[in-house]
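Here is a short briefing on one structure. Look over the model, then read the points by topic.

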Amino acid sequence: MDEVFGLTPDEVEGVLRTAAAAPSVHNTQPWRFRLHHDRIELHPDLERALPATDPDQRELRLACGAALFNLRLGLRARGIRPLVTLLPGADAPGALAVVRWGGHRDVDDETRALIRAVPRRRSNRKPFHHAPVPVAHRHALVRAAERERSWLHVVTDRAERAHLQGLVAEAHRLQARDPAIRAELTARTGPRTTDGIPPASAGIRPEPQDEWALRDFHATPRTPGKDYEPDPLLTVLCSFHDGPLHDLHAGQALQRVLLTATTLGLSASFLSQPTEVPHLRHRLRRALGGHLTPQTVLRIGYGTHVPATPRRDVTDLLLEPCSSRS
Ligand SMILES: Cc1cc2nc3c(=O)[nH]c(=O)nc-3n(C[C@H](O)[C@H](O)[C@H](O)COP(=O)(O)O)c2cc1C
């Protein structure tokens with residue numbers, strides 16, 4: 001592992017491991033890193049794109065944004081203030097972000113709490129306890145999204161909730177009929193997957209009485225009567241504008257929200273189907289007032305233990321150094 005910012009190779013590996021613990025659609029882990037002594041470039045791994053599920057690579061950028069948030073956190077936890085340039089252009093061709101040294105900075109309590117949450121955060125597709133999320137916790141999640149130039153819309157109105165439920169169900173039905181989308185999911189799940197979503201992380205098998213249509217990652221059948229909680233907290237993570245730059249902000253917001261939730265003892269799972277079907281995403285946008293760009297839908301509550309999903313080896317994430325620059 002090359003030296004970066006004066007960190008030891010083990011420390012650099014630790015920072016990259018933290019970055020790679022981020023969530024990604026179907027656990028594709030679509031990120032790669034190029035190390036220089038004075039900067040780290042974050043690149044998309046386009047071989048891991050999902051052309052049927054995510055044709056515009058918007059969710060790939062969300063995942064890379066989440067990895068970038070973790071990268072920032074990993075550096076902060078080692079006393080380094082990261083200076084981030086999003087979409088650096090000719091400065092680092094093809095990169096989604098470049099992180100430079102911004103000086104020393106003492107590690108604060110918030111950083112300590114968030115970095116401790118990184119290995120504990122998991123997508124939790126199992127039923128949650130029947131306990132409401134306190135208002136103060138909701139506010140903390142909304143603030144977490146705001147800190148990353150994004151917005152977390154909390155669905156409280158019954159009619160709005162029913163509308164969202166309908167959009168999730170319709171998107172789920174449409175995607176289930178699309179063989180290319182089904183094939184992408186199948187390729188990343190099941191007992192043979194090495195770095196996708198293993199059965200132990202798949203939650204419980206969907207049943208007709210389910211209020212919210214969670215994706216079926218070859219989950220095990222549920223214990224009879226073990227149904228989903230009746231009233232999870234439903235939120236829509238939004239950006240203020242459309243486009244790659246805002247996707248990267250939203251991805252960082254996503255990770256700050258998820259890690260903040262973890263520090264509060266909360267679990268989350270995704271219901272991103274309606275944001276993946278263009279005309280339903282448009283309807284969701286209209287339902288939110290027309291000014292916000294919906295990026296993903298999160299179900300939040302108090303969950304039970306779920307195992308961690310696998311990650312690629314850090315060495316597989318490294319891009320060769322460029323010959324022209326150090
Ligand atoms: C943009 C985005 C969309 C996602 N959409 C879904 C989804 O619709 N359903 C789901 O169960 N998980 C979804 N996930 C969660 C991933 O499957 C999960 O992050 C991945 O399997 C890694 O597991 P982990 O989050 O436990 O680390 C999504 C993740 C991201 C970043």
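Into which domains is the chain divided? They are domain 1 (9-120) and domain 2 (135-301), with bounds from an automatic or database domain assignment. This is a predicted model: local features need pLDDT of at least 70, side-chain atom pairs count only at pLDDT 80 or more, and totals for chains, interfaces and linings use all residues. Residues are numbered from 1 along each chain as its sequence is written.

**Domain contact**
- The centres of domain 1 and domain 2, taken over C-alpha atoms, lie 22 Å apart.
- In domain 1, 30 residues contact 28 residues of domain 2; contact is defined as C-beta atoms, placed from the backbone, within 7 Å.
- On the side of domain 1 that touches domain 2, α2 (58-76) and α3 (109-117) each supply at least two residues. Helices (H or I, at least four residues) and strands (E, at least two) are DSSP runs, numbered from the N terminus.
- The largest share of that side, 11 residues, comes from α2.
- That side has 18 nonpolar, seven polar and five charged residues. Nonpolar covers Ala, Val, Leu, Ile, Met, Phe, Trp, Tyr, Cys and Pro; charged covers Asp, Glu, Lys and Arg; the others, Gly among them, are polar.

**Ligand shell**
- Around the ligand are 22 residues, of which P23, N27, S123, F270 and S272 come nearest.
- Domain 1 and domain 2 each give the shell at least three residues.
- Both α2 and β7 (267-270) supply at least two residues, and α2 gives the most, with four.
- By class, the shell holds nine nonpolar, nine polar and four charged residues.

**Nonpolar core**
- The largest nonpolar core has 70 residues. Such a core is a set of buried Ala, Val, Leu, Ile, Met, Phe, Trp, Tyr and Cys residues joined through C-beta atoms within 7 Å.
- Buried means 20 or more other C-beta atoms within 10 Å of the residue's own, all placed from the backbone.
- L42, A63, C64, A67, L71, L237 and V257 touch the most other members.
- Helix α2 gives the most to this core, with 11 residues.
- Each of domain 1 and domain 2 contributes at least three residues to this core.
- Beyond its neighbours within four places in sequence, A67 contacts A19, A20, A22, W31 and L42.

**Helix α1**
- Buried residues of α1 are V12, V15, L16, T18, A19 and A20.
- These buried residues pack against β1 (31-35) and α2.

How values were computed:
Contact = placed C-beta atoms within 7 Å. Near = placed C-beta within 6 Å. Buried ≥ 20, exposed ≤ 12 C-beta atoms within 10 Å, placed from the backbone.
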